[in-house]
Amino acid sequence: MARKTQLTRVLVNLLSNAVQAVENLERGKIIVSLDWEDPCYRVSVEDNGEGVAESLTHRLFKPNFTTKSGGTGLGLAICHSIMEQSQGSIHYESSDRISGASFVIKIPKSTSAS
């Protein structure tokens, strides 16, 4: 149900954040997965960077919050807004698979016939 350009913006932001999280690691890893969880598609972007301290996770989607030295803190806030407008969701969780960060978006399947 999300507009293609908006969904692309969300995915580019999440992938960019993941790349920045692993760019200084000797063996950086990013895993992108797509699953079907009726009635939504579930997309996760995981990296094996440091992750986010649990004490900060409640602020991740607030405007102007960043853990980076050069970030504006708008990327995840914009992602959150796009997902809400698309009747979807975005959330952070610790990655169980690769011990880092995992951002998960859920996108409802369109009910219109194409």
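What share of the contacts in the chain with a separation of 6 or more comes from residues 24 or more positions apart? The share is 57%. Keep that in mind as you click around this model, which is predicted.

**Stop 1: the whole chain.** Switch to cartoon view and colour by secondary structure. You'll find two helices and four strands.

**Stop 2: overall size.** Along its principal axes it spans about 45 × 30 × 25 Å. A compact globule of 114 residues would have a radius of gyration near 13 Å, and this chain has 14 Å, so the two agree.

**Stop 3: the surface.** The chain exposes about 7,400 Å², and carbon and sulfur atoms supply 49% of that. Of the 114 residues, 34% are buried. Next, colour the charges: there are 12 positive and 12 negative ones, and their mean positions lie 8 Å apart.

**Stop 4: Asp47.** Hide the surface and select strand E2, residues 40-47, where Asp47 is found. Is Asp47 buried or exposed? Its relative accessible area is 6%, so Asp47 counts as buried, the cut-off for that being under 20%.

Last, select what else touches Asp47. Leaving aside neighbours within four places in sequence, Asp47 is in contact with Ala18, Ala21, Val22, Lys29 and Ile30, among others. Further along the sequence, its contacts include Ser95, Ile98, Ser99, Gly100 and Ala101.

How values were computed
Residues are numbered from 1 along each chain as its sequence is written. This is a predicted model: local features need pLDDT of at least 70, side-chain atom pairs count only at pLDDT 80 or more; totals for chains, interfaces and linings use all residues. Side-chain values use heavy atoms; hydrogens and water are left out. The radius of gyration is taken over C-alpha atoms; the globule rule is 2.2 Å times the number of residues to the power 0.38. Buried means under 20% relative accessible area, exposed over 50%, partly exposed in between (1.4 Å probe, protein chains only). Contact means heavy atoms within 4.5 Å. Accessible areas come from the Shrake-Rupley method with a 1.4 Å probe; for residues, only the protein chains shown count as cover. Lys and Arg count as positive and Asp and Glu as negative; His and the chain ends are not counted. The place of a charge is taken as NZ of Lys, CZ of Arg, CG of Asp or CD of Glu.
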